[in-house]
Structure formats: C-alpha cells, structure tokens
Amino acid sequence: MWQQAGSTKPMTWSEAMNYIKTLNYEQYAEYSNWRVPTLEELASLMTSTQQQKLYINKAFKIREKTYWS
C-alpha cells in the first residue's frame with residue numbers, strides 16, 4: 001500500500017522507516033501493510049512525456065521531489 005500524497009516534509013531513510021511504522025501501527029486508512037516500493041515498483045509508477053523525461057504518474061501527488069525505494 002502506498003500513499004497518494006506521502007509525507008508533508010523531506011525525510012531521511014530512518015525517518016521514512018519510522019513514518020511507515022507509524023502508518024502501520026495506527027492502521028492509516030484501515031491498512032497495516034504500508035511499505036516503501038521496490039525500485040521496480042517505483043519505476044512502474046513513472047510516466048514519460050514527449051520530452052522523454054520521466055515523472056511520477058499524476059495519480060500521485062507531484063509535490064515530492066524525491067522518492068524512497
């Protein structure tokens with residue numbers, strides 16, 4: 001399970017792991033299987049434009065500048 005918008009601030013890897021642990025503990029959106037996507041899963045969420053640049057699919061919020069995998 002992945003959030004559409006993610007966190008509201010940049011995080012270190014350790015902070016991201018604690019963030020996910022909290023989501024699972026609190027059963028955010030009634031789920032307890034939150035995790036960081038694998039590199040392959042993250043790549044599958046990318047879309048390209050005519051300029052051949054890759055962007056995260058617009059189904060997800062695009063305010064984030066980096067993603068953990």
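## The loop after the first helix

E30 sits in the loop between α1 and α2. This is a predicted model, and in it the phi of E30 comes out near 70°, a positive value in a residue other than glycine. For background, most residues other than glycine have a negative phi. As for cover, E30 is exposed, with a relative accessible area of 75%.

Q27 is found in the loop between α1 (13-25) and α2 (39-44) too. Coming just after α1, Q27 takes a positive phi of about 50°, and Q27 is likewise a residue other than glycine. Is Q27 buried, partly exposed or exposed? Its relative accessible area is 48%, so Q27 counts as partly exposed; the exposed class needs a value over 50%.

## Helix α1, inside and out

α1 has 13 residues, and from its first C-alpha to its last it reaches 18 Å. That is close to the 18 Å expected at 1.5 Å a residue.

Which residues of α1 are buried? They are A16, I20, L23 and N24. These residues cover an arc of only 95° around the axis, so they end up on the same side of α1. On the face turned away from that buried side, α1 carries the exposed residues K21 and Y25.

## Helix α2 and the chain end

E40 and S69 are 29 residues apart along the chain, and their C-alpha atoms are separated by 8.8 Å.

## The whole chain

Stepping back, the protein has 2 helices and 2 strands. Read along the sequence, they follow the pattern α-α-β-β.

How much of the protein is buried? Buried residues make up 20% of its 69 residues; A16, I20, L23 and N24 in α1 are among the buried ones. The accessible surface of the protein comes to about 5,700 Å², and carbon and sulfur atoms account for 56% of that surface.

As for contacts, take those between residues at least 6 apart in sequence: 50% of them join residues at least 24 apart.

Terms used
Residues are numbered from 1 along each chain as its sequence is written. This is a predicted model: local features need pLDDT of at least 70, side-chain atom pairs count only at pLDDT 80 or more; totals for chains, interfaces and linings use all residues. Side-chain values use heavy atoms; hydrogens and water are left out. Helices (H or I, at least four residues) and strands (E, at least two) are DSSP runs, numbered from the N terminus. Buried means under 20% relative accessible area, exposed over 50%, partly exposed in between (1.4 Å probe, protein chains only). Contact means heavy atoms within 4.5 Å. Accessible areas come from the Shrake-Rupley method with a 1.4 Å probe; for residues, only the protein chains shown count as cover. The expected span of a helix is 1.5 Å times one less than its number of residues. The arc is that of the directions from the helix axis to the C-beta atoms.
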